[in-house]
Amino acid sequence: MIKLSILIPSITERGRQLELLLEELERQIGELPVEIIVLTDNRKRSIGKKRTDLLNLAKGKYLCMIDDDDGVCEDFISVILQAIESNSDVITFKQKSTLDGESFIVTFGLKNENEAAHKENEVFVDIKRKAWHCCVWKREVVKNCFFDDTNYGEDAIFSDTASANAITETHIDKVMHYYNYSSEKTRAI
C-alpha cells in the first residue's frame, strides 16, 4: 500500500530544478511506500489543471503538492511518514519562504487565518496560513476537491475547500518545506 503520493507539476524549461528535487526525494524514499508523480508539459495546461490531474492519479493514502522549484528538508519523507501514523486529516508544518532574497517563516495550521506576507520596519515578519496545498492531506479528505483551471490563485481555492473538509490535524513544529519566489524568474507552471 502506498502511504504517500508526492505530486509535482512541472514545465520543460525547469528540467534542472525538477531533477534536483527528484534526486533529493529519491534519496529519502529508497524502498519506502511513497510514490512520486510528475506531470510536465510546455505550458499547454494551466497549473490548476495540472494539479487536478495529479490529484486524480494519486494512489497514496496521503498526498502533497511540491512544485518543481520548491525544496524539502533533509528528513522530509521520514518525518511525514511518522506523522501519517496519527491518521489525521491533514499534516501541517512550517515553511521557509523567500521572496526576492528576503526570508520569513510561514506556519501552516488548520485553524489559522491567512495572513499576507508583509514587512514591519522594512523586514518580512513570520506569518500564519491555513493548511495549504503543500501540506500533507489524507486523500479521502480531498477526494472531491479540485484546483480551478487557472494559473493564479488555484492553491488558495483548493486550500479553502480542503480545510473545510478536514477535522483533525497533526502539526510538525519544524521547517519542512522551502518556497522560493523570484520576481525575475518565477513563473506559473
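**Reading burial, pairing and contact in a predicted model**

Q: Why is β1 called mostly covered?
A: Count its buried residues: 8 of its 8 qualify. Buried means under 20% relative accessible area.

Q: What makes β1 and β2 a pair?
A: Two strands pair if there are at least two bridges between them. Here 8 bridges join β1 to β2, and the strands run parallel. In this pairing, Pro 9 stands opposite Leu 39 in β2.

Q: How do you know that the length of helix α1 agrees with its 15 residues?
A: Helix α1 covers residues 15-29. At 1.5 Å a residue, these should span 21 Å. The end C-alpha atoms are 20 Å apart, which agrees.

Q: Why do the buried residues of α1 line one face of the helix?
A: First, name them: Leu 18, Leu 21, Leu 25, Gln 28 and Ile 29. Seen down the axis of α1, they fall within an arc of 95 degrees, so they line one face. An α-helix has 3.6 residues a turn, so residues three or four places apart point the same way.

Q: What covers the buried residues of α1?
A: The cover includes β1, β2, β4 (71-72) and α3 (76-84). After α1 comes Gly 30, with a positive phi near 55 degrees.

Q: Why is α3 called mostly covered?
A: In α3, 7 of its 9 residues are buried. They are Phe 76, Ile 77, Val 79, Ile 80, Leu 81, Ala 83 and Ile 84.

Q: Which residues have the most contacts inside the largest nonpolar core?
A: They are Leu 4, Ile 6, Leu 25, Phe 76, Ile 77, Ile 80 and Trp 137, in a core of 53 residues. The largest share of this core, 7 residues, comes from α3. In soluble globular proteins, nonpolar side chains tend to be buried together.

Q: What does Phe 76 touch, beyond four places away in sequence?
A: Phe 76 touches Gln 28, Cys 64, Ile 66 and Met 176. Contact means heavy atoms within 4.5 Å.

Q: Why is Asp 89 called buried?
A: Asp 89 lies in the loop between α3 and β5 (90-99). Its relative accessible area is 12%. Buried means under 20%, so Asp 89 is buried.

Q: What lies 2.7 Å from a polar atom of the side chain of Asp 89?
A: The backbone nitrogen of Ile 167 does. Asp 89 is also in contact with other residues, including Val 136, Trp 137 and Asn 165.

Q: Which strands do bridges join to β5?
A: With β10 (residues 136-138) there are 2 bridges, and the strands run antiparallel. With β11 (residues 169-181) there are 9, and the strands run parallel. With β6 (102-108) there are 6, and the strands run antiparallel. Pairing needs at least two bridges. Val 90 stands opposite Trp 137 in β10 and opposite Glu 169 in β11.

Q: What makes the phi of Asp 100 worth a look?
A: Its phi is positive, about 50 degrees, although Asp 100 is not a glycine. Asp 100 belongs to the hairpin of β5 and β6, which has 2 residues between the strands.

Q: Why does Asp 100 count as partly exposed?
A: Its relative accessibility is 44%.

Q: Why does Arg 43 count as partly exposed?
A: At 36% relative accessibility, Arg 43 falls between those cut-offs too. Arg 43 lies in the loop between β2 and α2 (47-57). Its phi is positive, near 70 degrees.

Notes: Residues numbered from 1 in each chain as written. Predicted model: local features only at pLDDT ≥ 70, side-chain atom pairs only at ≥ 80, totals over all residues. Heavy atoms only, no water. Helix = DSSP H or I, 4+ residues; strand = E, 2+ residues; numbered from the N terminus. Expected span 1.5 Å × (residues − 1). Buried < 20%, exposed > 50% of the residue type's maximum accessible area, 1.4 Å probe, protein only. Arc of directions from axis to C-beta. Core = buried A, V, L, I, M, F, W, Y, C linked by side-chain atoms within 4.5 Å. Polar contact = N/O pair within 3.5 Å; in protein donor to acceptor, adjacent residues only side chain to side chain.
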